[in-house]
Amino acid sequence: MFKYVLLTILSVFIVTFNTTVFAHQVKTTAQVGATLHIEPNDTPRSGEPTTVWFALTRKGGKVIPLAECNCQLAVYAEPYASGEPPLLEPTLESVSAERYQGIPGAKFTFPRPGTYQLHLRGESTAQASFKPFNLKFNVTVAAGKSVRENTQDLQDINQNIPNTQTRTALPWAIAGFGLITIGFLFFLVQRVNRNRDSS
């Protein structure tokens with residue numbers, strides 16, 4: 001019975017760890033893959049500076065530095081219509097982060113909370129040889145410090161999407177799962193104690 005309790009605790013830990021740590025998004029084409037990293041902590045906030053960088057790699061794992069890619073970044077507020085101009089077009093700069101050297105990155109500020117889509121387009125320079133790519137990443141931006149201080153700005157950028165419920169659902173779901181797990185563990189411990197007392 002003790003094994004079941006340990007297995008349940010381990011399962012809760014794995015689910016929680018996976019939800020909080022592995023938040024990086026990975027997108028691929030036939031020849032190029034990119035992992036999006038957002039600082040701080042993959043939780044951008046409106047009105048606060050955000051740094052994004054893309055770990056670009058070719059098929060096989062070779063890193064593509066910005067010097068080998070004519071890359072452009074466009075930021076769209078969701079929902080957006082085809083052909084609509086981007087909300088932001090941050091200039092990409094060569095950054096070094098973690099084990100990557102010279103990869104594309106940018107620093108900018110999301111204007112309001114809501115859902116955004118980042119489009120990373122690129123084609124190889126004369127030094128490189130990979131097909132042009134277009135990768136799209138969905139990003140949810142929470143209300144930042146400056147927005148929270150000004151209550152009239154709390155309106156979401158996504159007018160048609162009731163995002164306050166959807167964005168707060170994950171923490172409540174995790175908390176609910178944790179409470180159910182604790183209740184189940186309490187039940188198991190009580191049952192084991194009853195079995196010992198009756199023996």
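## Overall make-up

The protein has three helices and eight strands, where helices (H or I, at least four residues) and strands (E, at least two) are DSSP runs numbered from the N terminus. Read from the N terminus on, the order of the elements is α-β-β-β-β-β-β-β-β-α-α. This is a predicted model, in which local features need pLDDT of at least 70 and side-chain atom pairs count only at pLDDT 80 or more, while totals for chains, interfaces and linings use all residues. Residues are numbered from 1 along each chain as its sequence is written, and side-chain values use heavy atoms, with hydrogens and water left out.

Of the 199 residues in the protein, 34% are buried, a word that here stands for under 20% relative accessible area, with exposed meaning over 50% and partly exposed lying in between (1.4 Å probe, protein chains only). The accessible surface, computed by the Shrake-Rupley method with a 1.4 Å probe, comes to about 12,500 Å², and carbon and sulfur atoms hold 57% of that surface. Among contacts (heavy atoms within 4.5 Å) with a separation of 6 or more, 64% are made by residues 24 or more positions apart.

## The five-stranded sheet

Five strands form an open sheet in the order β1-β2-β3-β6-β5, and their pairing is antiparallel; two strands pair if DSSP finds at least two bridges between them. At the edges stand β1 (25-28) and β5 (93-97), each of which pairs on one side only. Neighbouring strands of this sheet are turned by 35 degrees against each other on average, direction ignored, with axes taken as lines fitted to C-alpha atoms and angles running from 0 to 180 degrees between N-to-C directions.

Within this sheet, β3 and β6 are joined in the antiparallel sense over five bridges, and Val-52 stands opposite Ala-106 in β6.

## The three-stranded sheet

A further open sheet has three strands in the order β4-β7-β8, again with antiparallel pairing. Because β4 (69-77) and β8 (133-141) stand at the edges with a single partner strand each, one side of each is left without a neighbour in the sheet. The twist from one strand to the next averages 20 degrees.

Nine bridges link β4 to strand β7 (residues 114-124) in the antiparallel sense, and Tyr-76 has Gln-117 of β7 opposite.

## Nonpolar cores

A nonpolar core is a set of buried Ala, Val, Leu, Ile, Met, Phe, Trp, Tyr and Cys residues joined through side-chain atoms within 4.5 Å. The largest such core has 28 residues, of which Val-52, Leu-56, Leu-118 and Phe-133 touch the most other members. Two or more residues of this core come from each of β2 (32-39), β3 (49-58), β4, β6 (100-109), β7 and β8. A second, separate core of five residues includes Trp-53, Ala-55, Tyr-100 and Ile-103.

Leaving aside neighbours within four places in sequence, Leu-118 is in contact with residues including Leu-36, Val-52, Phe-54, Leu-73, Phe-110, Leu-135 and Val-139.

## The disulfide

The model holds one disulfide, defined as a pair of cysteine sulfur atoms within 2.5 Å, and this bond joins Cys-69 to Cys-71 with an S to S distance of 2.1 Å. The torsion about the S-S bond of Cys-69 and Cys-71 is about 105 degrees, so the disulfide is right-handed. Both Cys-69 and Cys-71 are buried.
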